[in-house]
Amino acid sequence: MLGGGMVIGIIAILHVFVSHFAVGGGLFLPLTERKAYRENNPALLEYVKSHSEFFVLVVLVFGAVSGVGIWWSIGLVNPEATATLIHVFVWGWAIEWVFFIVEIAAAFIYYYGWDRLDPKTHLLVGWIYFGAAWASLLVINGILAFMLTPGRWIEAQTFVSAYFNPGMLPSLVVRTAVCIALAGVYALITSSAVGDVALRNEVARYAAKWLLLGVSIIPLAGVWYISTLPGMAREISMGAAPAVTIFAGLSIFLSALVVAFTYFGPYQRPRYFSIAFAFLLASLALSTTGVTEWVREAVRKPYIIYDYMYTNSMRVADVDRVREEGVLKSARWVRQHDVDLNAPERTGDEVFRVECASCHTVDGYNSIRYAVKGWSWAMIDYQLVHLNELKGFMPPFVGTEVERKALGAWLASLNPLPATIAIEPEASAAESQSKEAAGEGARQP
Amino acid sequence: MNPVIPAPVPVPLPAPAWLLEFLLVFTFILHLLAMDFLLGGVIILSVSSYLGRRDSRHREFTRRVSRAMPSIAAFTITLGVAPLLFLQLVYGQLFYASSALMAWYWLAVVFLVLLGYYGVYWYQMQHDELGPKALWVILAAAVLFIHVAFIFTQNMTAMLHPQDFYDLFVRGQVGTILGLVAPLNIIRLAHFVVAAIALAGLGVTLLSHCWRTESSELAEWGRRYGVTWFMGGTVVQFLVGLWFLFSLPVEVRQALVGDKLVVGILVSAFILALLALLSAPKSLTASSVAILGTISMMAVVRHFVRSASLRPYFDPHSLPVQGQWEVFCIFVVLLLAGLGTVGWMLYVFFRPGATRGASTYSPS
C-alpha cells in the first residue's frame, strides 16, 4: 500500500523538521546563554539549561536516527540514484560525517557541562556545536540542490561542478532561514512549559522574534532559489501540474498562518500563550515543512537527478538503447525477459514494476488502478505513447512497442469496462432473443 | 536460470578501491568499538538490573554505567555512518539488492534503533524512579538491539551470496525474504553478540576505574565484575569463533586457509586475545591494547572473507577510477581538525578543577 516515495517522504519530512532545528537550535542556545550572562538573568539561564535537555533528546536521538532512516529508504527505493550520488559525493558525505562527530561530541559536552565548565568555555563549546551543525548543512545542502539543478556536472562530471551547482547558494540561504525560524518554533514549545509567568512571557516573545526573523528572510531567498530552477520545474509548480500548484499555494498559505499566529499570539500577547498554542504552531510549521518539501521533490519530476536520471532510475543516456533492446531485456530483476503474447497482461505487470512502480502502487499511494479508471485500451496506449508530452512530470515510456502494448493490456485489465448494452424496444428485444436462441441452435452440430 | 549478479553504476569510483576498502575497514573498527560497548552494555545492565533487586552494589553499578550509555549509543550510530557509506560505494549493487530482498526488515532497523535509543535514555534519566521496573526498560532495549544486530548480520551475510538473489527474487515475496543464509547468519550473530559482551565487560572495567576517587570499594567491585564478563565472553568466543570459521562455505574457508597473510593475522588475533584474557585480572592497559589488536585484526579478516566470498562475481579493483584528490585532502584535513576539536573538548570536560559551573554563573 505504501509506495516507496511515501516511505521516504514520511521519514524525510520528520527529519527535515528536526534537523533544521538541530542547526537553528544550535545558534539559539549559545546566543540565549550569552544574553542570560549579559543581562545577569539566572532564570533565563535556567531556561536555556532545560531547553538544552529537550534539544539533546530531540536532536541527538530523533534527528540522528531519522537521518539514517533517509539513507535506508532511498537505498531501498532508488538504489541507482543513491549509488550515483554516493559515487559523486562520497567525500562530501565523509566531510559531513566529520562534522557530525564534532556536533555530537559538542552537544553532549554542552549538555553535561553545565556544572563542569566555566561560562566562557561552555559558551565556546556551544559555538563549536553550531559551527559543526551549520557546516553539515552546508555540505548536505549542496548535494540536495544538485539533484534538482546539477548544472555543469552533466558535462564536466567533477565534484566541484556538482557541488557548486546553480541552486546551492540560494537553497543554503533558504535553509538557514528555516533553521532560525524552527529554532523559534521549538523554543516556543519549551517556553510554554516555563512555570514563572514573567519568564515565560519574556522567553515566548523572544522565541517569537526568532521565528518571525527566520520567516521574513524566506520569501526573498525563495524567489532567488526559484529563479535558479529549470524552466519546466517552475512551470510544474505554477500551473502545469495542478496538485503541485495547490501544494505550492498551500505552503505559502500555511507559512502566512504561522506568521500571523506568531505575531498576534506570543509576540504581541505572550500572556495568553499556552502549551496548546505552542503545539498548534509546531504542527502548522510541520505541515508547512511537509508541503514545501513535497513541492521541492515534485518539481524535480520527471527526474530524480535532473537531466541525468528519471524518477524510475532510467538514465537519460540509456533511453535509446533500452527502446531498441526492450526494457525487460535490459532489466535484471524481472521474471520474464520476453513478452508472453498469449498473456500480454502478465508481462505488462512486469513492465509496470520496472518502469512505474518507483512512483505508483497498484491500489495504495498514487494508485495506478485509479489513474486509468474508465480508460479504454486505445486511450491507455495513446497516453503511453505520449506520456511525457501529456504529463510533463512523468518520464517517457521506454521500451519496445510490444512491451508498451503488454503494459497497456495489463493496465486495461485493472478496471474491466462494463459490457456494452444495446437498449432496444421490448418487442424487438424479444425478437432478438428468439433469434439468438435460433442461432445458438444452428451452431450446434 | 543463470544467476543475475547486479552491476555497479557506470560512474567511476572517486578513489582507488584499496583506499576505500581501507577506510571501510578502519571506520568499521571505530563503529565496532562503540557498538560492542552499547550492545554488550545493555545486556550486562539487564543482568545487573535483575541482580540489583537484591544487591545494592549492582544498583549503584547500573546507575553509574547507565550515564555513559546515551553518548555511546549516539557514537555507535554516527560512527556507523562512515563504514556504511564506503560499503555502499564499493559494494553498493550487492548491498542494495540484498537489502531490497529483506526491505521491510531492513527498514525496521531505523525504528528498532530509535526505540532502543530512547529506552537507554529513559533508563538513565529515570533510573531511581523506575525502581524494579528499570529492568524491563533496559531488557527491552537489549532485545531491540539484538534484533538490530540480527538484521545487520543477515544483510551483511546475504550480500555475499549474489548467486542466490535471482532465485529468491523469483520465488519469494520481495521485501520479506530473510532465510537466505541460515544457519550461518545465526552463528555470525552469536559471534558478534559474544564479542560485544566481552568488550563491554572490559568497557565497564575501564569505567569502574574512573570511580576510584569517589568509592574505591565500588571501583574494585566493578573492576572484578567487568573482568569476569570480559573473561567469560572471551572464553566462549574461542568456541563460537571456531564454530563460525568452520561454518563458512568450504571454498571461502579454503581461500582463507590458503592465504598465508590471513592465517598469520588469524593466529596473531588468537594469540592477542589469549594475552588479553590472561592479563585482564592484572593489567587493564595491556588487556585493552591486546583486545584492540584482536578486534582490528578480526575486522581485517572479515574483509578477506567478504572479498573471498565475492571473488567469483565481483572485484572492486577492476572498477574505473577518477580520483577526487582535492576533496579527499580537504576531508583528511577536516578529520584531523575535527578529532583535535573533540580531543580539546574532552580535555576541558574531564580536566580536574572545573568547579564553578556555567549554570551557577553569577558575575558578582
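## The contact between chains A and B

Two residues are said to be in contact when their C-beta atoms, placed from the backbone, lie within 7 Å. In this predicted model, the contact between the two chains takes 53 residues from chain B and 54 residues from chain A.

On the side of chain B that touches chain A, the elements that give two or more residues are α2 (56-101), α3 (103-125), α6 (165-171) and α12 (325-350) of chain B. Of these, α2(B) gives the most, with 14 residues. Sorted by class, this side of chain B has 41 nonpolar, 11 polar and one charged residues.

## Chain A: overall form

Chain A holds 19 helices and two strands. Its radius of gyration is 28 Å, whereas the globule rule gives 22 Å for 445 residues; the value for chain A is well over that figure, so the chain is more spread out than a compact globule. Along the principal axes, the C-alpha trace of chain A spans about 105 × 55 × 35 Å.

## The two domains of chain A

The domain assignment divides chain A into domain 1 (4-310) and domain 2 (323-414). Taken over C-alpha atoms, the centres of domain 1 and domain 2 of chain A are separated by 38 Å. Where these domains meet, the contact takes 12 residues from domain 1 of chain A and eight residues from domain 2 of chain A.

On the side of domain 1 of chain A that touches domain 2 of chain A, at least two residues come from each of α1 (4-38) and α9 (231-240) of chain A. The classes on this side of domain 1 of chain A are eight nonpolar, three polar and one charged residues.

## A helix pair in chain A

Two packed helices are described by the angle between their axes and the distance between the axes. In chain A, helix α8 (residues 197-227) and helix α10 (residues 242-267) pack at an angle of about 155°, with their axes 9 Å apart. Angles over 145 degrees count as roughly antiparallel, and α8(A) is therefore roughly antiparallel to α10(A). The crossing in which α8(A) passes α10(A) is left-handed.

From α8(A), the residues A:A204, A:R205, A:A207, A:A208, A:L211, A:L212 and A:V215 take part in the contact; they meet A:S255, A:V258, A:V259, A:T262, A:Y263, A:P266 and A:Y267 of α10(A). By class, the residues of this contact are 11 nonpolar, two polar and one charged.

## Chain B: overall form

Chain B has 12 helices and zero strands. The radius of gyration of chain B is 22 Å, close to the 21 Å that the globule rule gives for 364 residues, so chain B is as compact as a globular protein of that length. Its C-alpha atoms fill a box of roughly 75 × 45 × 40 Å along the principal axes.

## A helix pair in chain B

In chain B, the axes of helix α5 (residues 134-158) and helix α7 (residues 184-209) come within 9 Å and cross at roughly 130°. The two helices, α5(B) and α7(B), are therefore oblique to each other. The crossing in which α5(B) passes α7(B) is right-handed.

On α5(B), the contact is made by B:I146, B:A149, B:F150, B:T153, B:Q154 and B:T157, and on α7(B) by B:L184, B:N185, B:R188, B:L189, B:F192 and B:V193. The residues of this contact of α5(B) with α7(B) comprise seven nonpolar, four polar and one charged.

Note on methods: Residues are numbered from 1 along each chain as its sequence is written. Chains are lettered from A and ligands numbered from 1 in the order in which they are written. This is a predicted model: local features need pLDDT of at least 70, side-chain atom pairs count only at pLDDT 80 or more; totals for chains, interfaces and linings use all residues. Domain bounds come from an automatic or database domain assignment. Helices (H or I, at least four residues) and strands (E, at least two) are DSSP runs, numbered from the N terminus. Ala, Val, Leu, Ile, Met, Phe, Trp, Tyr, Cys and Pro count as nonpolar, Asp, Glu, Lys and Arg as charged, and the others, Gly among them, as polar. Axes are lines fitted to C-alpha atoms, for helices over the stretch in contact, and angles run from 0 to 180 degrees between N-to-C directions. Angles under 35 degrees count as roughly parallel, over 145 as roughly antiparallel, 65 to 115 as roughly perpendicular and the rest as oblique. A crossing is left-handed if the near helix is turned anticlockwise from the far one by less than a right angle, and right-handed if clockwise. The radius of gyration is taken over C-alpha atoms; the globule rule is 2.2 Å times the number of residues to the power 0.38.
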